[in-house]
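The following exercises are to be worked through with the sequence and the model at hand.

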Amino acid sequence: IKRRDVNALDKRPIRAEFSKTDRAVYISHLDLLRTMQRALKRAMLPVWYSEGYNPRAYLNFPLPLSLGVESGCEYMDLYVVEDISCEEFCDRLNAVLPVGLHIIRAYPPVNKNTDITEAHYRIWLKCDAPADTSALTAEFLSLERIETEKRSKKKGIVTLDIKPFIKICGQNMLDDGTEELMVMLPAGNDMNINAAALTGAFESFCASKGVAVGYIRIQRTGIYCADGKAFE
């Protein structure tokens, strides 16, 4: 089938949920886009291509992940132009994806990208010995203001107090002295706070105390809509 004929066929939307772990956390969003485009081509999947002089597989990522953050709940939207089951779509794409990227499931989209309002993260922090990570974390979270720099399209770099937007859902001290936090942060078009902004503010706080943070790990575990339900 010629490309212009394929583009004329009815398009069927598919949302693919995938994980990004291991070495893949260091793939930037732009490189992730290229990786997925190449994988779809290698898998010979019947995806819809944009029209014009430089056709590309149409892909949309509802909430792009920051570099260095792992996740088990990433999403990619696309269209297919042939009748293919979601199971076959997953199997064929997983067969060609690099280590660290794995399609969990595929299904017709339920929510719109604009429905996203929050994201849930697990964060692990550990300061260099002999510092008490638990005590430093408690002191940090009790601050009246937790400031970070945020880029604004209109104002450039601005200082933002993120303390009012942080929801601590759980907190544990692990046996090795690592502090584990479960945090909900705003996400989406209206307000988006990166979990790395929170850990960066924690590093700055510890530095002011003469303490170095030796271990930081961030994992996104859920994306939610305004009604509290998981994004699908």
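The model is predicted: local features need pLDDT of at least 70, side-chain atom pairs count only at pLDDT 80 or more, and totals for chains, interfaces and linings use all residues. Residues are numbered from 1 along each chain as its sequence is written, and side-chain values use heavy atoms, with hydrogens and water left out.

**Exercise 1.** Describe how helix H4 is placed against helix H5.

Solution. Two packed helices are described by the angle between their axes and the distance between the axes. Helices (H or I, at least four residues) and strands (E, at least two) are DSSP runs, numbered from the N terminus. Axes are lines fitted to C-alpha atoms, for helices over the stretch in contact, with angles from 0 to 180 degrees between N-to-C directions.

Step 1: the axes of H4 (residues 133–141) and H5 (residues 195–208) come within 11 Å and cross at roughly 110°.

Step 2: H4 is therefore roughly perpendicular to H5 (under 35 degrees is roughly parallel, over 145 roughly antiparallel, 65 to 115 roughly perpendicular, the rest oblique).

Step 3: H4 contributes Leu-136, Thr-137, Glu-139 and Phe-140 to the contact (heavy atoms within 4.5 Å), while H5 contributes Leu-198, Ala-201, Phe-202, Phe-205 and Cys-206.

**Exercise 2.** Determine how many disulfides the structure holds, and examine Cys-127 and Cys-225.

Solution. Step 1: the count of disulfides (pairs of cysteine sulfur atoms within 2.5 Å) is zero.

Step 1: for Cys-127, the nearest cysteine sulfur belongs to Cys-206 and is 3.9 Å away, and Cys-127 is in no disulfide.

Step 2: for Cys-225, the closest cysteine sulfur is in Cys-73, at 12 Å, which is too far for a bond.

Step 3: Cys-127 is buried, with a relative accessible area of 5% (buried means under 20%, exposed over 50%, partly exposed in between, with a 1.4 Å probe and protein chains only). Cys-225 also counts as buried, at 5% relative accessibility.

**Exercise 3.** Characterise the surroundings of Ser-19 and Val-96.

Solution. Step 1: Ser-19 is part of strand E1 (residues 12–20) and, at 13% relative accessibility, counts as buried.

Step 1: beyond neighbours within four places in sequence, the contacts of Ser-19 include Ser-71, Gly-100 and His-102.

Step 2: Val-96 sits in the loop between helix H3 (86–94) and strand E3 (101–107), and is partly exposed at 24% relative accessible area.

Step 3: not counting residues up to four places away in sequence, Val-96 touches Ala-39, Arg-42 and Ala-43. Val-96 and Ala-39 are 57 residues apart along the chain, yet their C-alpha atoms are separated by 5.9 Å.
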